[in-house]
Amino acid sequence: MARPVTMFTGQWADLPLAELAPMLAGFGYDGIELACWGDHFEVDRAMAEDDYCDKKRKFLDDAGLQCHAISAHLVGQAVLDNIDARHKSILPDYIWGDGDPSGVNDRACEELKQTARAAQKFGVGVVNGFTGSSIWHLLYSFPPVPQSMLDDGFQLLADRFNPILDVFGECGVNFALEVHPTEIAFDIYTAQRALEALDHRKEFGFNFDPSHLIWQGVDPVQFIRAFPDRIYHVHIKDAIVTLDGRTGINCSHLNFGDPRRGWDFRSPGRGGVNFEEIIRALNDINYQGPLSIEWEDSGMERSFGAKEACEFTKKLDFSPSNIAFDAAFDE
């Protein structure tokens, strides 16, 4: 049976959900992955109002849309990050507060715990998100980085996320890190180390997104095969490397959409990701969850892109065979 095709609403949070939901249903989507910003899913209201989750679910049901996950990327980023002025623009006022870095970190930790409780109340089993990283800025080892500084970064993950994951465990909800540059895990080896730092506890897994791997030179299929029991959610998102001899993979401080960049995101099927092999690998690990499109393409009108992406993904998906093709040859 085909997996549901959903849309992550994070890049659509400028639209109220009442406007966005019928639009996506009209494009053919089976469901939506609700971002915990805008009015799409408000954690504070979910916990404060007895009927918030029931009303949200009824609204989606009436629109003919499923919801299998909510996503807390923005608040999650503030759990491990070294907080600075950039974070004010992505955080709710009640998390930012006075901007004192340690206070922001503490409030972000508490908000992720509340998000687990809200997910349980809403009836979903996965919260996608980011962790942030206190050591991302140490990526290029000059001045030389002592191993102890990297060890401290993964220890901080354990110190801050274990209490968060305790709440996730109490709620029967899993946290799925979107492995991504600027997070504590951004490729296969750092993902392995993150799992080790957290003692491989069940509540921590991954939101697989190939777009963040391919431009780093990491084969997304190898990521799936490295963590077959930890793929808790899947994003369908594409990217392309456009190195032309003038630009580099670090992108020269050029923002997304600038044609001079060395790589950029593309609408699914229009970049360099081999989605055929990804679907086959997901079948091999028996992934049954949604294929959630995260649509980002600065060069394409988004309504056109969202509709096309839904059609592309539905055509792409297929179930594995339950018989060997040569079984008919047996006597």
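I began with residues 25-315, where the chain is 43% helix and 13% strand and the end C-alpha atoms lie 17 Å apart; helices (H or I, at least four residues) and strands (E, at least two) are DSSP runs, numbered from the N terminus. This is a predicted model, in which local features need pLDDT of at least 70, side-chain atom pairs count only at pLDDT 80 or more, and totals for chains, interfaces and linings use all residues. Residues are numbered from 1 along each chain as its sequence is written, and side-chain values use heavy atoms, without hydrogens and water.

I checked the record next: UniProt, in an unreviewed entry, places "domain: Xylose isomerase-like TIM barrel" at residues 25-315. Such annotations may be inferred rather than shown by experiment.

Then I looked up the helix pair. The axes (lines fitted to C-alpha atoms, for helices over the stretch in contact, with angles from 0 to 180 degrees between N-to-C directions) of α6 (residues 101-122) and α7 (residues 147-171) come within 8 Å and cross at roughly 15°. The two helices are therefore roughly parallel to each other, a term for angles under 35 degrees. Their contact (heavy atoms within 4.5 Å) involves, among others, L112 and A116 of α6 and I164 and F168 of α7.

Last, I asked myself: is E277 buried, partly exposed or exposed? At 36% relative accessibility, E277 counts as partly exposed (buried is under 20% relative accessible area, exposed over 50%, partly exposed in between; 1.4 Å probe, protein chains only). I found E277 in helix α11 (residues 275-284). E277 and V221 are 56 residues apart in sequence, yet 6.8 Å apart in space, C-alpha to C-alpha.

Key: Parallel < 35°, antiparallel > 145°, perpendicular 65-115°, else oblique.
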